[in-house]
Amino acid sequence: MVLLFYGNSGIGKTETAQFLTEQIGGKILRKQFSMYQNNEFANYLFGGKYNEKSFAKDLIARDSNVILLDEFDKAYSVFHSAFYQLFDEGIYEDQNYRVDVRHAIIICTSNYKSKDEIKEKLGDPIFNRFDGVIKFEDLSQEAKKIIATKELKELDEEKIIPENVKKILVEQSTKLENAREIRRLIKDTKSLIEIREICK
């Protein structure tokens, strides 16, 4: 199964893939495609020297059948052909290896806004190979509050942040765009409180 998750950054696409892996078991194989934007990616995808790092070797060594191709939209379109057989048949081949991943769930994430944009940027040959194209909606205000409350519990186990400040942080979270910004606000607030305590 090959899925494409699309929507704005920080609204749960990667987290959903990780949650799915937890239900199935094992450790997700996550490749961050925003890091691969030059010709070195060609050797990684199509295979260079036998002992060099490659996508095929990473697939062989994977610990689960959930494969996350994060920020798939950031890779050069010239490399898309490397995934045709993988998405069609569950077989990945480079010049050194042939890997069977027919029982895997492959999840690609992107920041596209619509299916029309996906078709325009990725092209029909890739778009038509996705078994499902799933839109992630922006977070509601209630969802942001839930995330802020959860992050406060995880990031402030020592209970450094006063309760009145926590209430303010939860309310302020509704003005932010995504979970990453909420987490950053809480971490920065905690750090500021710790610095003030040291400087007393």
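Helix 7 gives the most to the lining of the largest pocket, with 6 residues. The model is a predicted one, in which local features need pLDDT of at least 70 and side-chain atom pairs count only at pLDDT 80 or more, while totals for chains, interfaces and linings use all residues. Residues are numbered from 1 along each chain as its sequence is written, and side-chain values use heavy atoms, with hydrogens and water left out.

To stay with this pocket, its volume is about 510 Å³. A pocket here is an open set of points on a 1 Å grid over the protein atoms alone, where a 1.4 Å probe fits and protein lies on both sides within 12 Å along at least five of seven lines; lining residues have an atom within 4 Å of a point. Points are joined across faces, edges and corners, and the volume is the space filled by probe spheres set on them. Of the 19 lining residues, Glu 15, Ile 147, Lys 150, Glu 151 and Ala 179 lie nearest the centre. Helix 1 (13–24), helix 7 (141–155) and helix 9 (179–199) each supply at least two residues of this lining. By type, the lining holds 7 nonpolar, 5 polar and 7 charged residues (nonpolar: Ala, Val, Leu, Ile, Met, Phe, Trp, Tyr, Cys and Pro; charged: Asp, Glu, Lys and Arg; polar: the others, Gly among them).

Helix 7 also takes part in the second largest pocket, where helix 7 and helix 8 (163–172) each supply at least two lining residues. This second pocket has a volume of about 200 Å³, and helix 8 gives the most to its lining, with 4 residues. The lining divides into 2 nonpolar, 1 polar and 7 charged residues; among them are Thr 149, Asp 156, Lys 159 and Val 170. Lys 159 lies in the loop between helix 7 and helix 8 and has a positive phi of about 60° although it is not a glycine. Lys 159 is exposed, with a relative accessible area of 64% (exposed is over 50%, buried under 20%, partly exposed in between, with a 1.4 Å probe and protein chains only).

Glu 71 is partly exposed, at 21% relative accessible area. For context, most residues other than glycine have a negative phi.

Beyond its neighbours within four places in sequence, Phe 87 is in contact (heavy atoms within 4.5 Å) with residues including Val 2, Ile 106 and Cys 108. Cys 108 is buried, at 0% relative accessibility, whereas Cys 199 is exposed at 61%. The whole structure contains 0 disulfides (pairs of cysteine sulfur atoms within 2.5 Å).

Overall, the protein has 9 helices and 7 strands, taken as DSSP runs numbered from the N terminus (helices H or I, at least four residues; strands E, at least two). Buried residues make up 44% of its 200 residues.
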